[in-house]
Amino acid sequence: MTTPTHHQPWRTETPGQVRDAMLDRVEERLARLLAEEHRSRRTADPRSAVLVAGVAELVQTGAERAHPVICLTGYLAAGGDPDGEDAVSAAAALELLDTCLMIREDVRDNAPLRRGIPTLHISHAAEHERNGWRGEPRRFGEGTAVLAGDLALAYGDRLAVRLPYDAWQLWDELRTERAIGAHAEAAAATEYLKDAWPGQCVSDCGSGCGAGWYGLRHALLIGAALAGRDDLGEAYEEYARALHGAWRIRGFLRGGPGFGGDAQFLREVFFDERARAGAEETIAELLVRADAAVADAPVAPRWRTELADFARRVAGCER
């Protein structure tokens, strides 16, 4: 299909308001799923409810909902029906995938905190030690956290399995790419091959990046697929690639997640005002590329503007 299916010309809300209303439904979907699971598991076996509670706590303390927002933006810009249910399910599934990968990253990095609360492997290890259980607390904590990550992914699959085939196929590819990307990034860091400067994300970000551009790309394309707009694939891919590069450079400059250690040393020792100015110029150039990618795309003008504004918010350059 190559024409928009829904433009809702009678709607008076801004694009952001329409998306936020859908995001509220995503929150409700996640809360309902996890509450029902916790209730049923607690009744059957209180020990099994512990895993559900850990996933639920992390999901409920989430703030950005980055990939759900991207997916819904791609869906609505493609003319998707704001009352549609599949996009809500897809966005919720993407949040659960993020939760799974976040839990596993915390285990790999032995991170003590996530979103202001103890990470799952730390809290479960402490529980083991308090109760004087058999075995090693650290191994119990890590093993339990990994299982919680598996559970979050299983819930994501439960939501995604009923999506139309094109959207489900993108979901399946994204699961694979993000797992491989996370391993590749961890391996590069271990082998002292990781470059602190995210230059690869600017030139040709591939599967070696743990925060790979495919996270943006697939979320947008899932939205387009659910709206029946396969004709937006090329525009969305170029938009995602440029936006991802801008976002990663901003993360480097601000010292965001993934940019500690060697990146901090590079920023503090070698990155003077001239280098920072050059980085800002690169971000600006990438945003021009993102604008160009959607300038002629067959989307409603107000959503073309929203995509441009959204890119600047993600890149920390709101106009």
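## A predicted helical model at a glance

Of the protein's 319 residues, 46% count as buried. The model is a predicted one. It holds 13 helices and 2 strands.

**Overall dimensions**

The C-alpha trace spans about 65 × 50 × 30 Å along the principal axes of the protein. A compact globule with 319 residues would have a radius of gyration near 20 Å. The protein has 20 Å, so the two agree. Contacts also reach along the chain. Among those between residues at least 6 apart in sequence, 73% join residues at least 24 apart.

| Pair | Axes come within | Crossing angle | Handedness |
|---|---|---|---|
| α5 (residues 120-131) and α6 (residues 137-160) | 7 Å | roughly 135° | right-handed |
| α4 (86-109) and α7 (residues 165-190) | 12 Å | roughly 20° | right-handed |

Take α5 and α6. Their axes cross at roughly 135°. That makes α5 oblique to α6. Helix α5 brings Leu120, His121, His124, Ala125, Glu127, His128 and Glu129 to the contact. From α6 come Pro137, Arg138, Phe140, Gly141, Glu142, Thr144, Ala145 and Ala148. By type, the residues of this contact divide into 6 nonpolar, 5 polar and 4 charged.

Now α4 and α7. Their axes cross at roughly 20°. Angles under 35 degrees count as roughly parallel, and α4 and α7 are therefore roughly parallel to each other. On the α4 side, the contact uses Ala93, Leu94, Leu97, Asp98, Leu101 and Arg108. These meet Trp171, Leu174, Arg175, Arg178, Ala182 and Ala186 in α7. The residues of this contact divide into 8 nonpolar, no polar and 4 charged.

**Glu95, a buried residue of α4**

Glu95 sits in helix α4. Is Glu95 buried or exposed? Its relative accessibility is 2%, so Glu95 counts as buried. Which residues does Glu95 touch, leaving aside its neighbours within four places in sequence? They are Leu30, Arg65, Pro68 and Arg115. Glu95 and Glu268 are 173 residues apart in sequence. In space, 34 Å separates their C-alpha atoms.

**Two loop residues with positive phi**

One of the contacts of Glu95 is Arg65. Arg65 lies in the loop between α2 (46-60) and α3 (66-77). Arg65 is not a glycine, yet its phi is positive, about 50°. How accessible is Arg65? Its relative accessible area is 5%, so Arg65 is buried.

Asn110 is also not a glycine, and its phi is positive at about 50°. Asn110 is found in the loop between α4 (86-109) and β1 (113-114). At 49% relative accessibility, Asn110 counts as partly exposed.

**Where to look**

Start with α4 in the structure. Helix α4 holds Glu95 and passes α7 in a right-handed crossing. Then turn to Arg65, in the loop between α2 and α3, and its contact with Glu95. End with α5 and α6, whose axes come within 7 Å.

Note on methods
Residues numbered from 1 in each chain as written. Predicted model: local features only at pLDDT ≥ 70, side-chain atom pairs only at ≥ 80, totals over all residues. Heavy atoms only, no water. Axes fitted to C-alpha atoms, helices over the stretch in contact; angles between N-to-C directions. Helix = DSSP H or I, 4+ residues; strand = E, 2+ residues; numbered from the N terminus. Parallel < 35°, antiparallel > 145°, perpendicular 65-115°, else oblique. Left-handed = near helix turned anticlockwise from the far one by under 90°. Contact = heavy atoms within 4.5 Å. Nonpolar A, V, L, I, M, F, W, Y, C, P; charged D, E, K, R; others polar. Rg over C-alpha atoms; globule rule 2.2 N^0.38 Å. Buried < 20%, exposed > 50% of the residue type's maximum accessible area, 1.4 Å probe, protein only.
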